[in-house]
Amino acid sequence: MQSIPVINYVVLAVLLAGALASLGFGLRTHWHKIRQGKAFFDAPLTLKSVLAKVNPKAFVSRGFLTSRLKDKPVAGLAHGLLYFGSLVLIVGHALLPATWVGIPVYDGWFGHWFMELGREIAGIALFLGVLFFLVRRFVPPERLTAYKARPGFKRMEVFLLVMVVTGFAAESMRLGFEPKPGGGEFMGEALGVLLGGALGTEGATTGFHLMWWLHGLLGVAFIALIPFTALSHMLLGPANSALTNPRPGMNLPPIDFGLDEDEDEDDDEAEEPVFGAAKLADLSQKYLLDAAACLWCGRCHEVCPATATGKDLSPKKVMAICAEYLEEGKLNDDSLIDVLGKDAMFNCTTCAACVEVCPVSNNPAETILEFRRHFVMDRSEMPENMAAANRNLESREHPFVGTAASPEDWRAGLEVPFFEAGKTEYLLWIGCSVTYEERAQEIARAMVRILEAADVSYGILEEARCTGDPAKVMGNEMQFVEMAEANIEDFQSMSVQKVITMCAHCFNSFDRYYPELGADWQTIPHAVLIDQLIRDGRLKVERKSDQTITFHDPCYLARHNDIVDEPRSVVSAVGQLIEMPRNKKESFCCGAGGGNYWGEQPGTKRVSDVRMLEVLETGADKVATSCPFCLLMLASSASKEGPERKVFDIAELVAETLPEEKDA
Ligand code: SF4
Ligand code: SF4
């Protein structure tokens, strides 16, 4: 180390200061674009308002430990080598100035194990990791090139490789004329023997100084370039994870419809309210950060049920187009919404698979829904079959067009109590799919048998309207708010404290969105309640060990609400559970969500057909689910395979094991 003149370090330190200034300037440039979105932080913008939005768990696990990369073992390992190798090298290089103030970081056990051996291994790891990604650019998986590959990665990978190679070259030439037998720099030692012999002492000395400068200058340039290249994800990715919503799935922000009409009349300058998004500036700053942080890795593209069934939607393409507009500073260019395309925006089933896999915590589904909202609420445009469901919601308070069923049909022949304020513990919420779809009505009948058998205090409403959830996910927020407020008023007038839902979408709406509008009751999905009743011994079920059952996770229970164990425990109580390869939070959608129950793009493969094939491949006797929409979609696909009934709600499977005398 003594062979480096002090002036070299001084020059490098000056250049490093310039590189850090470039880094700061680049990040400021990103912020200047992102800040043009709708405010994400509470005003005024202070450290406190920023910290209030920080999700430390996501920052540490996804941002710092890159936990989501484990799903791709090979690429994840390569990224781990690259990332953790870089961290060790950064820390190792940052400790170098300590020697100038007399701290011997190169001596003793720390010097040997960390500064020499640790950095040596880190350098090799970084080299292998970068090499993997560079080679893969020439034989990329489809997800990387879908729409297009993110420009700039290849250049930066070559840059990094050269930087690592010059580091090893400098080290080996130093060791060529300054051997340190038994040190930790085994790679440099071995190369040094070769190079020292080949170049001679003078050649190795000159080569060392050359490589030292080259390595130092490349290192400084690397820091300066980070925010202006694809490597900006190193900083924007963890920042994005730090600001991710702690609640999984989608959290569609409420829209403030409470315009002060008097104020508007007096103010000719008042801007027209914008519902949803047509351009980048209509999106929240968080969604713009999503676009900036996007790696274009295509993991979302790979898991998207719309993409997989040939529909006109790729979440990667949506994010990449937004990123291109952002890069070009086209914040106010409302051609964006048409470039993304109406069909694509309505093909999203809101399954949140893209949200679950994104390594930098992006939420493409929420961005898509913002554009969908604009089509619906600003342009009054949506696919005709979804529009019909919406019109039905407005006129008949449920979305099932042309149904002949009446709300009393499902309970024909049963004595079902009505909810009585102050007397009944649970409100059994039926939901419109169970009310109006004949096959789904059997879920409610089974649930009544279960509640009677377990002696649960429950009652139903004499009259009910939809939760409004279909309106919300189809982009008609105004209709959702109207229906939700009416339901909240009804529930509160009856002092409802606990609600049982059989539909995953009803549960999600009540639990996630209703509290924002003033709801104060507790909602429990029937899968969770049945599990509790079995565990508490209130429900005696009979297990048929020769009956094999696979379980299809509804997106709105598993991915959106982390409910995966309870339904499995119920299935295991009545039969032998067989898992599909895609299960729990990695489950594949049934295709109904986001209003696609009414509007799946014609002429494409059905999402439920793909899922049903996965069901059949398990060889299980039955498939259970815990959402009427999943049941209806899978049952319709199963009917193509033959008349045999294979698809059941877990309530039906439990009810059929109950002793006859407990029948309601
Ligand atoms: S949104 Fe996430 S998963 Fe999709 S391409 Fe971007 S970084 Fe990858
Ligand atoms: S939410 Fe589901 S359907 Fe929508 S873009 Fe994401 S993966 Fe595709």
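In the shell around ligand 2, the helix that contributes the most is α18, with three residues, where helices are DSSP runs of H or I of at least four residues, strands are runs of E of at least two, and both are numbered from the N terminus. What you see above is a predicted model, in which local features need pLDDT of at least 70 and side-chain atom pairs count only at pLDDT 80 or more, while totals for chains, interfaces and linings use all residues. Residues are numbered from 1 along each chain as its sequence is written, and chains are lettered from A and ligands numbered from 1 in the order in which they are written.

Staying with ligand 2, there are 15 residues around it, and Cys304, Cys348, Cys351, Cys354 and Ala365 come nearest; a residue counts as near if its C-beta atom, placed from the backbone, lies within 6 Å of the molecule. At least two residues each are supplied by α13 (305-308), α17 (353-357) and α18 (364-377). By class, this shell holds 13 nonpolar, two polar and no charged residues, where Ala, Val, Leu, Ile, Met, Phe, Trp, Tyr, Cys and Pro count as nonpolar, Asp, Glu, Lys and Arg as charged, and the others, Gly among them, as polar.

Turning to ligand 1, which residues come nearest among the 16 around it? They are Cys294, Cys297, Cys300, Cys358 and Asn362. Two or more residues of that shell come from α12 (299-303) and from α14 (315-327), and α14 provides the largest share, three residues. Here the classes are 12 nonpolar, two polar and two charged.

Let me move to the domains, whose bounds come from an automatic or database assignment: domain 1 is 6-242, domain 2 is 274-377, domain 3 is 390-534 and domain 4 is 542-662. The C-alpha centres of domain 3 and domain 4 are 21 Å apart, and 31 residues of domain 3 are in contact with 30 residues of domain 4, contact meaning that C-beta atoms, placed from the backbone, lie within 7 Å. On the domain 3 side, α21 gives the most, with 10 residues, and that side divides into 20 nonpolar, five polar and six charged residues.

Finally, Ile530 touches Ile450, Leu539, Val570, Ile650, Ala651 and Val654, if we leave out residues up to four places away in sequence.

Note on methods: Contact = placed C-beta atoms within 7 Å.
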